[in-house]
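Visitor: Please take one part of this protein and go through it closely. I would like the details in a connected account.

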Amino acid sequence: MNYYKLLFSGFMMFLIGCKSTKEKVMLNPSIKKNVLFIMVDDLRPQLSIYGQQQIVNPNIEMLAKSGVVFNKAYCNVPVCGASRASLLTGLRPTKNQFLRYNASIKKETPETLTLVEHLKNNGYTTISNNKITHLKYDIEEWDEEWYPYKKGWRNYLSEENISLEKNGVHGYAYENIDVADDAYNDGKTAKKSIEDLKKLKENGKPFFLAVGFVKPHLPFNAPKKYWDLYNREDIKLPENNTFPESAPNWAKHNWGELRYYKDIPKKGQVSHEMAKTLIHGYYASVSYVDAQIGKLLKSLEDLKLKNNTVVILVGDHGWSLMEHSLWAKHSNFNVALNVPLIISAPNNKINKKTNSIAELVDLYPTICDLTNISKPSHLEGNSLVNALNNPSKSFKNNAFARYQKGETLITEKYAYTEWQKKSKTLARMLYDHHLDPNENNNLAEKAAYKKTVDSLSILLNQKINNK
Ligand SMILES: [Ca+2]
């Protein structure tokens with residue numbers, strides 16, 4: 001008996017030993033997964049991974065092959081500052097919170113545990129390179145917050161644009177000059193981030209390296225070689241380049257962001273020639289950023305960090321390139337709400353696509369799960385890890401976004417928007433994405449869709465947060 005007792009106690013000791021070893025391993029920060037978080041400003045999902053071949057983006061395509069592409073990812077508010085504030089706090093925008101391009105985490109939600117602080121509290125080194133929050137120094141907990149410029153974010157390099165700006169005249173909405181990648185801020189950002197990866201590897205602590213590329217945000221300034229990837233004669237205007245007759249005027253805006261620039265009329269549409277130049281500039285800017293992303297991914301591979309690093313690539317909102325006669329973001333149309341999202345995580349599925357709906361507010365809890373840290377109770381999104389593990393299944397069937405008075409519900413089939421004032425509905429839009437993915441035929445006022453509108457309206461109004 002004594003022998004068996006001894007054997008049993010030895011076995012128990014072995015189990016305890018295993019447990020404590022495992023705990024030690026779990027607590028050892030050197031094996032926690034790193035996160036390379038790449039945020040691309042104003043990047044719409046007009047990419048080869050979404051079946052659109054007009055833009056040259058081989059590096060984004062390569063990243064997609066090592067992870068899961070979300071076909072139906074949506075921002076929660078289509079403007080830079082507000083979208084980023086929501087993502088980094090894990091809180092949705094409300095009627096009074098995260099409304100505009102200059103939304104401030106520090107002012108609007110000062111008590112909220114941001115993703116950055118939460119990762120830092122869990123032993124992560126946190127670095128922000130270039131534009132992650134819209135407002136500089138809006139989150140104080142970064143170990144480092146770096147910018148490639150002190151002032152002049154428009155980053156003009158041509159003599160003409162520099163001279164215009166110096167004389168108080170706005171520059172052009174684009175720039176095509178023969179310079180190296182590193183001449184512009186995004187090239188500098190990639191270079192600095194690669195240096196960081198080397199240091200972070202040596203340091204050995206887990207890291208959250210957030211890299212914010214600013215193109216394809218206006219002005220569309222990119223080195224000539226990226227403009228040269230495209231023939232102007234191949235650039236086409238969108239087929240739906242006029243405002244749909246069935247859509248309410250509430251869906252319109254004056255695209256003031258573009259009108260700021262030289263040679264853009266203060267009223268009315270741009271000429272077709274200018275429209276093609278702008279679309280060409282957007283494409284060139286995306287290809288330029290794609291090349292910078294490629295440098296980062298290569299560095300991750302060269303440093304042998306890839307197997308222990310989660311890579312997330314995301315845009316902060318969509319962009320209209322003349323669809324519905326509009327330019328820029330600031331609308332409730334799908335083209336302004338739909339964003340690219342790729343998540344490549346070690347030991348997760350690779351080269352897969354999912355139709356499970358995702359919202360940017362879901363990224364905070366997703367990162368918590370992928371880094372094996374707790375999810376704070378205030379988070380309003382849901383982790384996307386189930387969709388990463390099982391991309392062929394749908395785990396979430398709607399998304400909710402808002403812009404100013406417009407509240408939008410996106411389901412697997414429909415996009416439904418109401419514009420409200422003091423809870424009174426002023427106008428509405430309903431699009432059937434199966435039949436009309438480009439949103440040209442507003443069905444909201446058609447009798448045949450009354451039941452659909454009524455049920456979507458109930459669902460939408462349950463989600464509206466008036467606080
Ligand atoms: Ca943006």
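**The open sheet**

Guide: Eight strands make up an open sheet of mixed pairing, in the order 5-4-7-1-9-13-2-14. Strands here are DSSP runs of E with at least two residues, helices are runs of H or I with at least four residues, and both are numbered from the N terminus. Two strands pair if DSSP finds at least two bridges between them. At the edges are strand 5 (144–146) and strand 14 (352–354), each of which pairs on one side only. From one strand to the next, the twist averages 15°.

This is a predicted model, in which local features need pLDDT of at least 70 and side-chain atom pairs count only at pLDDT 80 or more, while totals for chains, interfaces and linings use all residues. Residues are numbered from 1 along each chain as its sequence is written.

Within the sheet, strand 1 (residues 34–40) and strand 7 (residues 207–213) run parallel and are joined by six bridges. Val 40 stands opposite Phe 213 in strand 7. Helix 10 (residues 272–302) lies across strand 1, strand 7 and strand 9 (309–315), and runs at about 175° to strand 1. Such angles run from 0 to 180 degrees between N-to-C directions, with axes as lines fitted to C-alpha atoms, for helices over the stretch in contact. Contact means that the C-beta atoms of two residues, placed from the backbone, lie within 7 Å.

As for the setting, the secondary structure of the protein comes to 14 helices and 19 strands. The C-alpha trace spans about 95 × 60 × 40 Å along its principal axes.
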